[in-house]
Amino acid sequence: MRKPSSNQLTRTAALDCVPVKNSRVITRRMENGLVRITYPATQNTWFAKLANVFARKAPDRVFVRKLELDHLGTSVWHMIDARQSVQTIIRHFAAAQQLSSREAEVSVTQFLRELGRRGIIGMRQAP
């Protein structure tokens with residue numbers, strides 16, 4: 001087993017973290033009951049420079065992106081309430097979807113990692 005570097009959390013500490021939704025995210029429940037997330041996303045540097053050449057726009061232009069969640073993503077999204085830890089969300093997800101704890105952990109952590117990469121959520125360490 002790898003020893004975490006000083007800036008990495010252990011697996012246990014990571015599962016104790018609490019996911020928090022970005023306040024700039026807009027959530028809309030669609031007619032089918034699923035969730036659409038609208039969130040700000042900045043351009044990458046190369047594309048921003050190219051766009052500036054042709055459109056003469058400000059370099060720090062913020063774009064709005066949309067992400068439509070499926071049934072499983074919607075269920076996890078509703079559990080993110082800035083109080084429940086990742087571990088608690090995994091337990092609830094496993095029970096609701098009748099999955100093993102390992103299957104639920106892989107699915108939920110991968111989903112949360114993607115939301116974090118997009119800036120839709122952040123993680124707060126448990127007190």
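Trainee: Which exposed residues does the face of H5 turned away from its buried side carry?

Mentor: This is a predicted model, in which local features need pLDDT of at least 70, side-chain atom pairs count only at pLDDT 80 or more, and totals for chains, interfaces and linings use all residues. Residues are numbered from 1 along each chain as its sequence is written, and side-chain values use heavy atoms, with hydrogens and water left out. Exposed means over 50% relative accessible area, buried under 20%, and partly exposed in between (1.4 Å probe, protein chains only). On that face of H5, the exposed residues are Arg102, Gln110, Arg113 and Arg117.

Trainee: Which residues in H5 are buried, and what arc do they cover around the axis?

Mentor: Buried in H5 are Ala104, Glu105, Val108, Phe111, Leu112 and Leu115. They lie on the same side of H5 because the arc they cover around the axis, taken from the directions from the helix axis to the C-beta atoms, is only 150°.

Trainee: At what angle do the axes of helix H4 and H5 cross?

Mentor: Axes are lines fitted to C-alpha atoms, for helices over the stretch in contact, and angles run from 0 to 180 degrees between N-to-C directions. The axes of H4 (residues 86–97) and H5 come within 9 Å, and they cross at roughly 125°. That makes H4 oblique to H5, given that angles under 35 degrees count as roughly parallel, over 145 as roughly antiparallel, 65 to 115 as roughly perpendicular and the rest as oblique.

Trainee: Which residue with positive phi follows H5?

Mentor: H5 spans residues 101–117. The phi of the residue in question is near 80°, and that residue is glycine 119.

How values were computed. Helix = DSSP H or I, 4+ residues; strand = E, 2+ residues; numbered from the N terminus. Expected span 1.5 Å × (residues − 1).
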